[in-house]
Each structure stands twice: as structure tokens, then as C-alpha cells.
Amino acid sequence: FFFKQKTAYEILTCDWSSDVCSSDLLAERQTVGTARTLCVWGWPMNSLTLVQRLACWQFRSQRATYYEDLAMLIDSSHMRLLDVFRQDGLRFGNAPRGELSRLWEERFIVYGADLASAWAGTLPDLEVAVLRVQSNTGDKAISNTLRELAAMARLSERIVQQVIATLLVGVITVTLATGMVLVMVPWTVGVIRESLDIPFEYWGPVGKFLASVGMWAEHWRLYIVLALVMGLVGLSRLQQWTGPWRAWCDERLIGINTLRDLMAMRLLLMLGTLTASHGGNPQTLEDALQQMMRSAPSPWVWWRLDQILYRVVVTGATDSSVFNTGLLPQEIYWRMRDVEEGQGLAKAFKATSAYIQELMLPRLMVRLTVLRWLMIVPSLVLGLVVMGTIQVTNFEMKSASLNYISSQNQRRCFFERKMS
């Protein structure tokens, strides 16, 4: 018999002693999963017009500054948020901020001055979830939360930009290297054969090597292209992949473990903000994890958060030991443990967040830069080798053509003497 282990979410939502139907709770989970599949890089795109979706995409790099501006207005003026939305809609016109402000104004009225509900579906779900927790604790708490969201937004944008840059470098270098081997080499060999018409036995060693590479490329070209396409599809679905094999890759494969570290830092900063107190009662670790799982932008994030929540539910622990699931790099986990022993979990979150931003993040940026160069340098070396091989082949073909012409002249003279 084989039994599937329940997730922490299922354990929490299954209450057989009550009259609550488990199908209703599972339907809620399916709704969360459906909403998650409609996200692009963590940006929900459901129930928005095409213009509004484009505005969301363009506004993503401006949201950190917007959070800070809004926090300043809340602290320094008595302007209502509804008036802020209305003025921004008029001032910014068809710009992304103006387009979204008009939508937020409408939603703000419909949802009874609920800022989190007004922003839902237009800003990242995790950031909206943080704001939703603090929405009922007063203007001061909201302004503090907005400033923390601004810091997290800048961190997130920096991470996303670095990851996208690394992926683009990888795609470009692989495409160029593949094009040189699968297209340029066979084309060059074909041109040489058509233009010189020299028997293959007269070719030099480098030319013969180039011709063998061209024959190999023509034979395996389709299979290599299909493998690359499958690799690109797998890369685009990387955040959908969960399970033991993904855990192994997160620990050992260069590139994937760097992406894991970057996402772990972002999630830890978000969790620290959720459990912090801004004038009200702070959320428990269990509630914060559930809140983040409802807003998880990908199955991988949901799976990693569920691993932590499972330890909280099963063991009843609420200390940093529940984070030893493979999500956090060991260096960050050890730092959290050390600070918690002396100052508690809340201080550990704060100290670890500062440690991440000041020390760990710059190191990971360096790792991504090194990873990009590790992809660029082999591609450049391969390009130089191919171009050099083609150049040497051209020199060899000049000598081969002279040898071929000389042999043909000798053969013709031999037959002429024999005929005479």
C-alpha cells in the first residue's frame, strides 16, 4: 500500500469533527492554485483589461517609489487615499500610474476603503498580503508597512533583473554556440566543396576535421535543436517543479541553487515583515505562513512554505528550527539560530534581514555575475576556435588545390607520353 503524505495546508483545512465540508476548503485551495497559474513573474493578470495588464507590467519598476510616496503622504498630510487615487488618475493621465489609480479609486469605493483589496491583482500578491495583515492597525502601521514594502520591492526588482539578465545571457550564448556548430560549420564545408571541387583525400587534417564536424552537425542537428527547445521549456517551467528531485537540484546544481537562495531571501524578508508588530498584535508564524501560501506566486514557493508549515503543525515548534527544510542557505539558517537564542525569533528575523541585504545579497550578485561569465567565456572560445579552424582550412585548401592541380598535370603528362 502506498499513502500520500498530507501537506500542512491539508492538515489545517481538514476538520472532521466540525460541520465544515472539506470539499469547500479544497475548492478554496484550487482557487488559490488557479490564481497562481494566472501570474506572470508574480504579477496576477486575471480580470484586467489589456491596457491595465500593460500598465501593471510597466508599473512594476515604479512601485517602490510609489510605496514611499504614499507613506509620506499618509504621515505628513491629512489627504485621504481616495483623494490620492483621484488626483493621480487626473495628473498622470494614460501613464501606468494614472491608469492604475483610476482602477484603484473604483475598487477602493467598492471594497469599503480596503487598500489591499483595491490593489489585489495589480501588485504582487505577496506584497498585497503583507498590507492586508496591517490594514486594520491604523495609518501609522500602514505607512511603516509601505516603507518596508518599498525596501522589499527594490530588493525583488534587483533580484528579478539579475536573474533575467543571467537567463538572457545563457539563452544568447547557447544560441550563438549552437548556430556556429550546427549552421556555420556545415555551410562553410558545403561552400568549400562547391567552389573548389577538390577530392577529400587532398584535404588537410584541419579541413578533414572540419568536414567531419559538419557531417556530425547535419546528422544530429534536429535532435540537438529539439533538446534545446525542451530545455527552454523546462527552464520556463522551473518554478512549477517540486518534489525530491527538485530539492536535490536546489542543493547541488549551480544556477538552480543560486535562484533558490535569492527566492529564500525574498521570502524571509516578507515573512519578517508579516510577523513584525506595527502598532497592533503581530501575526503568529503559522498565520503568516498560511497568508503567504495563499498568495504564493508559484507551486515551488507554495511547496517550500508548506514544508515549513508542516513542521509547525506536526511538531508544534515556532522557533527557527522549522526553517531547516532546505529552503534557506545554511549560512542564513545558522545566523537566524544564533540570534534567536539570545534575542528571540522576532529579533532574529530583523537581524537576518539586515544580514541578507548587507552581506548575502551582494555575494549572490557576484555569483550571478560569475555565472554569466562562465557562459560567455566558453561561447567566445568556441567562436574563436570555429573561426580559427575555418581560417586554417582555407590556407590548407590553397595548398590542397596546388597539390591537386600538380597531380592532375603530372597524370596528364604521363598519359600524353604513354600515348605518344
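**Figure 1. Salt bridges across the predicted model.** The whole structure contains 16 salt bridges. Each one is a side-chain nitrogen of Lys or Arg within 4 Å of a carboxyl oxygen of Asp or Glu. The model is predicted: local features need pLDDT of at least 70, side-chain atom pairs count only at pLDDT 80 or more, and totals for chains, interfaces and linings use all residues. Residues are numbered from 1 along each chain as its sequence is written, and side-chain values use heavy atoms, with hydrogens and water left out.

**Figure 2. The salt bridge of arginine 63 and glutamate 157.** The two side chains meet at 2.9 Å, N to O. Arginine 63 belongs to helix H4 and glutamate 157 to helix H9 (residues 139-196), so this pair links distant parts of the chain, 94 residues apart. Helices (H or I, at least four residues) are DSSP runs, numbered from the N terminus. Arginine 63 counts as buried at 1% relative accessibility. Glutamate 157 is also buried, at 12%. Buried means under 20% relative accessible area, exposed means over 50%, and partly exposed lies in between (1.4 Å probe, protein chains only).

**Figure 3. The salt bridge of arginine 86 and glutamate 105.** Here the N to O distance is 3.1 Å. Arginine 86 sits in helix H5 and glutamate 105 in helix H6, so the bridge ties together parts that are 19 residues apart in sequence. Arginine 86 is partly exposed, with a relative accessible area of 33%. Glutamate 105 is buried, at 17%.

Figure 4. The side chains of arginine 367 and aspartate 261 meet at 3.2 Å, N to O. Arginine 367 is in helix H16 (residues 345-419) and aspartate 261 in helix H12 (residues 256-275), so the pair ties together parts 106 residues apart in sequence. Arginine 367 is partly exposed, at 35% relative accessible area. Aspartate 261 is buried, at 4% relative accessibility.

Figure 5. The structure holds 12 aromatic pairs. Rings of Phe, Tyr and Trp (its six-membered ring) pair if their centres lie within 6.5 Å; planes under 30 degrees apart count as stacked, over 60 as edge-to-face and the rest as tilted. One of the pairs joins phenylalanine 85 and phenylalanine 108 edge-to-face, at 5.6 Å centre to centre and 80° between the planes. Phenylalanine 85 lies in helix H5 (residues 81-92) and phenylalanine 108 in helix H6 (residues 96-110), so the pair ties together parts that are 23 residues apart in sequence. Both phenylalanine 85 and phenylalanine 108 are buried. An aromatic cluster takes in Phe59, Tyr66, Tyr67, Phe85, Trp104, Phe108 and Trp119.

Figure 6. Tyrosine 67 is part of helix H4 (residues 63-76). Its relative accessibility is 1%, so tyrosine 67 counts as buried. From tyrosine 67 to serine 143 is 8.6 Å, C-alpha to C-alpha, although 76 residues separate them in sequence. In helix H3 (residues 50-59), the buried residues include Gln52, Ala55, Cys56 and Phe59. They cover an arc of only 100° around the axis, which puts them on the same side of H3. The arc is that of the directions from the helix axis to the C-beta atoms.

**Figure 7. Arginines over aromatic rings.** Arginine 60 lies over the face of tryptophan 57, at 4.1 Å from the ring centre. Arginine 335 lies over the face of tyrosine 355, at 4.0 Å from the ring centre. A charge sits over a ring if NZ of Lys or CZ of Arg is within 6 Å of the ring centre and within 35 degrees of the ring normal.

**Figure 8. A nonpolar surface patch.** Trp216, Trp220, Leu222, Tyr223 and Leu226 make up the patch, with about 570 Å² of accessible area together. Patches are made of residues with over 30% relative accessible area and no salt bridge; like charges are joined within 9 Å, nonpolar side chains (Val, Leu, Ile, Met, Phe, Trp, Tyr) within 5 Å. Accessible areas come from the Shrake-Rupley method with a 1.4 Å probe. Tyrosine 223 is in helix H10 (residues 205-236). Tyrosine 223 is exposed, at 52% relative accessibility.

**Figure 9. Alanine 113 in a loop.** Alanine 113 sits in the loop between H6 and helix H7 (115-119). Its phi is positive, about 60°, although alanine 113 is not a glycine. Most residues other than glycine have a negative phi. Alanine 113 is exposed, with a relative accessible area of 51%.

Conventions:
Helix = DSSP H or I, 4+ residues; strand = E, 2+ residues; numbered from the N terminus.
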